[in-house]
Amino acid sequence: MKIENVQDAALVRRYLIGDEKGLEILITRHKQRVYSFIFSKVMDRDITEDIFQDTFIKVIRTLKKGKYNEEGKFLPWVMRIAHNLVIDHFRRNKRMPKFQSRNDFDIFDVISDGEESKEYEMITSQVHEDVRRLVEELPNDQKEVLTMRIFKEMSFKEIAQSTDVSINTALGRMRYALINLRKIIDKNNIILTR
Amino acid sequence: MAKLYNESFPEPVKPTGPKEETVKFLLNFSKALSVTRYKNMTFETLNN
């Protein structure tokens, strides 16, 4: 494990036992990187400031609730939260396009050509990739039922016949697959909607 | 006499890092936030 990660982990532990200095050092240490990451996506200082603040509010709340998984990966975890909030920001803006008054008004800023932007294509492809990875985390029997139902669109009767179990068992496996997926999503603060 | 104007180009925007007040807000938020657990429930309280 890298020295930097060990130090982060130690600071998180300090913070978890009530030492606020731990958080201060963590924010000071990573603020530039997190801020630059957000800025590189939204290209607006005020929005970056808001998303940066929301990111660390989520970090603080998760830590205080004891929901943070100590795996020596503090910064990637924070970046992931920031990334999800950036996606939220673009999603909100798509629902409610913002009109900014400028001297060099460009009508194409406010009307769409009906095609998905590259940005949204990237978001969609990332969401799909995340779902694929999540499904891979499931136990084999649940993964099998979920794949047949969702991706192959088979009925539960067909699934039951194909996997040689009763319909109730197939239904139960599907139910547990969904419960487990939700658990992983909540635990890792993953956002899978657009 | 004709007035001369310089055409000024906008400076390239560089990320400068969060404002000091944002960091201060986060540290104060952290100090004010307390989390209480009761059975399966979690309660958040902001003590300002």
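Me: What percentage of the 194 residues in chain A is buried?
Reply: This is a predicted model, in which local features need pLDDT of at least 70, side-chain atom pairs count only at pLDDT 80 or more, and totals for chains, interfaces and linings use all residues. Residues are numbered from 1 along each chain as its sequence is written, while chains are lettered from A and ligands numbered from 1 in the order in which they are written. A residue is buried if 20 or more other C-beta atoms lie within 10 Å of its own, exposed if 12 or fewer do, and partly exposed in between, with C-beta atoms placed from the backbone. For the 194 residues in chain A, the buried share is 18%.

Me: What percentage of the 48 residues in chain B is buried?
Reply: Chain B holds one helix and two strands. In chain B, with its 48 residues, the buried share is 6%.

Me: In what order do the elements of chain B run from the N terminus?
Reply: Helices (H or I, at least four residues) and strands (E, at least two) are DSSP runs, numbered from the N terminus. Chain A has eight helices and zero strands. In chain B, the order from the N terminus is α-β-β.

Me: Among contacts in chain A between residues at least 6 apart in sequence, what percentage joins residues at least 24 apart?
Reply: Two residues are in contact if their C-beta atoms, placed from the backbone, lie within 7 Å. Among the contacts in chain A between residues at least 6 apart in sequence, the share joining residues at least 24 apart is 61%.

Me: Which element supplies the largest share of the side of chain A that touches chain B?
Reply: In this interface, 18 residues of chain A are in contact with 15 residues of chain B. Helix H2 (20-42) and helix H3 (45-64) of chain A each supply at least two residues of the chain A side. The largest share of that side, nine residues, comes from H2(A).

Me: How many charged residues are on the side of chain A that touches chain B?
Reply: Ala, Val, Leu, Ile, Met, Phe, Trp, Tyr, Cys and Pro count as nonpolar, Asp, Glu, Lys and Arg as charged, and the others, Gly among them, as polar. The side of chain A that touches chain B has eight nonpolar and three polar residues, and its charged residues number seven.

Me: How are H3(A) and H1(B) oriented to each other, roughly parallel or roughly antiparallel?
Reply: Axes are lines fitted to C-alpha atoms, for helices over the stretch in contact, and angles run from 0 to 180 degrees between N-to-C directions. The axes of H3(A) and helix H1 (residues 20-32) of chain B come within 10 Å and cross at roughly 20 degrees. Angles under 35 degrees count as roughly parallel, over 145 as roughly antiparallel, 65 to 115 as roughly perpendicular and the rest as oblique. H3(A) and H1(B) are therefore roughly parallel.

Me: Which residues of H1(B) make the contact with H3(A)?
Reply: From H3(A), the contact uses Glu49(A), Phe52(A), Gln53(A), Phe56(A), Ile57(A) and Ile60(A). The residues of this contact divide into seven nonpolar, three polar and one charged. From H1(B) come Thr22(B), Phe25(B), Leu26(B), Phe29(B) and Ser30(B).

Me: How are H2(A) and H3(A) oriented to each other?
Reply: H2(A) and H3(A) pack with their axes 9 Å apart, at an angle of about 135 degrees. The residues of their contact divide into twelve nonpolar, two polar and no charged. H2(A) and H3(A) are therefore oblique.

Me: How are H6(A) and H8(A) oriented to each other?
Reply: The axes of helix H6 (residues 140-151) and helix H8 (residues 167-187) of chain A come within 8 Å and cross at roughly 95 degrees. H6(A) and H8(A) are therefore roughly perpendicular.

Me: Does Ile51(A) count as buried or exposed?
Reply: Ile51(A) is found in helix H3 of chain A. Leaving aside neighbours within four places in sequence, Ile51(A) is in contact with Ile38(A), Val42(A), Ala82(A), Leu85(A), Val86(A) and His89(A). Because Ile51(A) has 24 C-beta neighbours inside 10 Å, Ile51(A) counts as buried.
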